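Please open the model in your viewer and keep the selection panel at hand. The stops below go from one selection to the next, with a short account of what is there.

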Amino acid sequence: MIQEQLGLLPVIQAERFVLRPLRRSDAGLIAFYTADRRVAEGTRVIPHPLPPGATEAYVDRCLTEGCGEDIWVMDGAAHGMDEVLGLVSLTRMDRGQSEIVYWVAPAFWNTGLASEAVNAMVGANPHEARTLFAEVFQDNPGSARVLTNGGFEYLGDAEAFSVARGAMVPTWTYIRKMV
């Protein structure tokens, strides 16, 4: 279910949380979770160690019109969990395609929250994409399972640079046709 917020991204209902637009007040918990080396090394863009002010700058950039990336917070507050459980983002590509990226706080790993977030995002399809792409590092098979559980199919191998690792890392690329 999608509830439109005036001038903002839609709020997307999942079973145990909502995916809602990012707020400046989320910066503290985002910084806390992304300072964890395991979270940073699971992404392409989060540095480790996390420099002072990096999270606030990221949130400010993401809240700027035309930043190129739409960010949703996995907010479990209404269900007795943290206000920030992780993030999901969509980046528009050309020809009706978008890339989905996500991370979940380590305290919530292996609980199904990532699968629930990806499934909710796929079900809502707020970009009205014809195709979704995703990429995971090959040393993170749990994230690959999240994608296959969400109806994504393996497309091929590649490499991506990880800022936290300071190196190119082998990846698996996945695709989900929406129409």
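**A tour by selection**

Begin by selecting Pro49, which lies in the loop between helix H2 (37–41) and helix H3 (54–62); helices (H or I, at least four residues) and strands (E, at least two) are DSSP runs, numbered from the N terminus. The peptide bond that joins His48 and Pro49 is cis, with omega at about 0 degrees. Most peptide bonds are trans, and most residues other than glycine have a negative phi.

Before moving on, please note that this is a predicted model, in which local features need pLDDT of at least 70 and side-chain atom pairs count only at pLDDT 80 or more, whereas totals for chains, interfaces and linings use all residues. Residues are numbered from 1 along each chain as its sequence is written, and side-chain values use heavy atoms, with hydrogens and water left out.

Next, select H3 and display the side chains of Thr55, Val59 and Cys62, which are buried; buried means under 20% relative accessible area, exposed over 50%, and partly exposed in between (1.4 Å probe, protein chains only). These residues are on the same side of H3, because they cover an arc of only 65 degrees around the axis, the arc being that of the directions from the helix axis to the C-beta atoms. The buried residues of H3 pack against helix H1 (27–34) and strand S4, where contact means heavy atoms within 4.5 Å.

From there, move to S4 itself, residues 70–75, which is mostly covered, with five of its six residues buried.

Now follow the chain to Arg95, in the loop between S5 and strand S6 (97–104). Arg95 is not a glycine, yet its phi is positive, near 55 degrees. Is Arg95 buried or exposed? With a relative accessible area of 61%, Arg95 is exposed.

For the last stop, select Glu128, in the loop between helix H4 (113–124) and strand S7 (131–137). Glu128 likewise has a positive phi, of about 50 degrees, although it is not a glycine, and Glu128 is exposed, with a relative accessible area of 68%.
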